[in-house]
Amino acid sequence: IDEDAIFDSIPAFEKYCTDNKFHTPGAKKIVLFTSVPGPFNANREHLDEIITELQNRGYNVYPASTSGKRLEFIQQINPALIVYMPHGRFGTGSPAAEFERELVKLNVPVICPVSILNQYEDWVKDPQGMSGGFLSQSITMPEFDGGIIPYAAVAQYKDENGLLIFKTIPDRLKNFSNIINNYISLKTLPNAEKKIAIFYYKGHGKGAGEAAGLEVIPS
């Protein structure tokens, strides 16, 4: 989380984290791929908060700001889970077939927390929530590469000078981290201890097979 600590190789970053006790030997690894907003524009409080939250939960976090080396970093790190702060396709910089093949081989979730490019209070009041183009870049395009859980976790807040900066939404950061914990634990949990819930959407006449725009989001 030191803005001056920038590394272009995995071993150099791991040595830095081990020396400063940010990483614990043998702990599960999470790669955090940034995009928009990233660590080199506007502000980075939101990234520091996500990194700190995941480290406090016992994970070794690998924050990476790259598009062309995503697959290379994934192969070197071998993470238990990938967090992609989405803006467009996750698999940029690699042939789509190769990227898909490697993700299938790795067999870990790609979780996509959404950053809201509006002030938090305005976003809460807005029934639309997100414009079409940004919806496509943040949710639809990452899904082509297996991205899931488009959970809003970052929004803009006014600082002491009245300027808008990105920060995590406190209750949503905790919920988002719980989601990560649950997905990682499912990997090793025996099937007999897993629970499956099946939700039926309500349609007109409460038909089980259609949504008809009713109660889709809560379900």
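**Exercise 1. Decide whether Arg44 is buried or exposed, and find its salt-bridge partner.**

Step 1. Take the relative accessible area of Arg44: 16%. Buried means under 20%, exposed over 50%, and partly exposed in between (1.4 Å probe, protein chains only). Arg44 is therefore buried.

Step 2. Look for the partner. A salt bridge needs a side-chain nitrogen of Lys or Arg within 4 Å of a carboxyl oxygen of Asp or Glu. Arg44 meets Asp48 in this way, at 2.9 Å from N to O.

Step 3. Note the basis. The model is predicted: local features need pLDDT of at least 70, side-chain atom pairs count only at pLDDT 80 or more, and totals for chains, interfaces and linings use all residues. Residues are numbered from 1 along each chain as its sequence is written, and side-chain values use heavy atoms, with hydrogens and water left out.

**Exercise 2. Work out the order of the three-stranded open sheet and identify its edges.**

Step 1. Two strands pair if DSSP finds at least two bridges between them. The order is β5-β7-β8, with mixed pairing.

Step 2. The edges are β5 (114-119) and β8 (164-168). Each has a single partner strand, so one side of each has no neighbour in the sheet.

Step 3. Neighbouring strands are turned by 30° against each other on average, direction ignored. Axes are lines fitted to C-alpha atoms, for helices over the stretch in contact, and angles run from 0 to 180 degrees between N-to-C directions.

Step 4. Check one pairing. β5 and β7 (residues 152-158) run parallel over three bridges. Val114 stands opposite Ala152 in β7.

Step 5. Place the helix. α2 (residues 45-56) lies across β7 and β8, at about 10° to β8. Contact means heavy atoms within 4.5 Å.

**Exercise 3. Give the volumes and linings of the largest pocket and the largest cavity.**

Step 1. Set the rule. On a 1 Å grid over the protein atoms alone, a cavity is a set of points where a 1.4 Å probe fits but cannot get out; a pocket is an open set with protein on both sides within 12 Å along at least five of seven lines; lining residues have an atom within 4 Å of a point. Grid points are joined across faces, edges and corners, and a volume is the space filled by probe spheres set on the points.

Step 2. The largest pocket has about 560 Å³. Of its 29 lining residues, Ala5, Phe7, Phe13, Pro63 and Ala64 are the closest to its centre. α1, α2, β2 (60-64) and α3 (70-77) each supply at least two lining residues.

Step 3. One cavity of 30 Å³ or more is counted. The largest cavity holds about 30 Å³. Its lining includes Cys112, Glu143 and Pro150. α6 gives the largest share, three residues.

Conventions: Helices (H or I, at least four residues) and strands (E, at least two) are DSSP runs, numbered from the N terminus.
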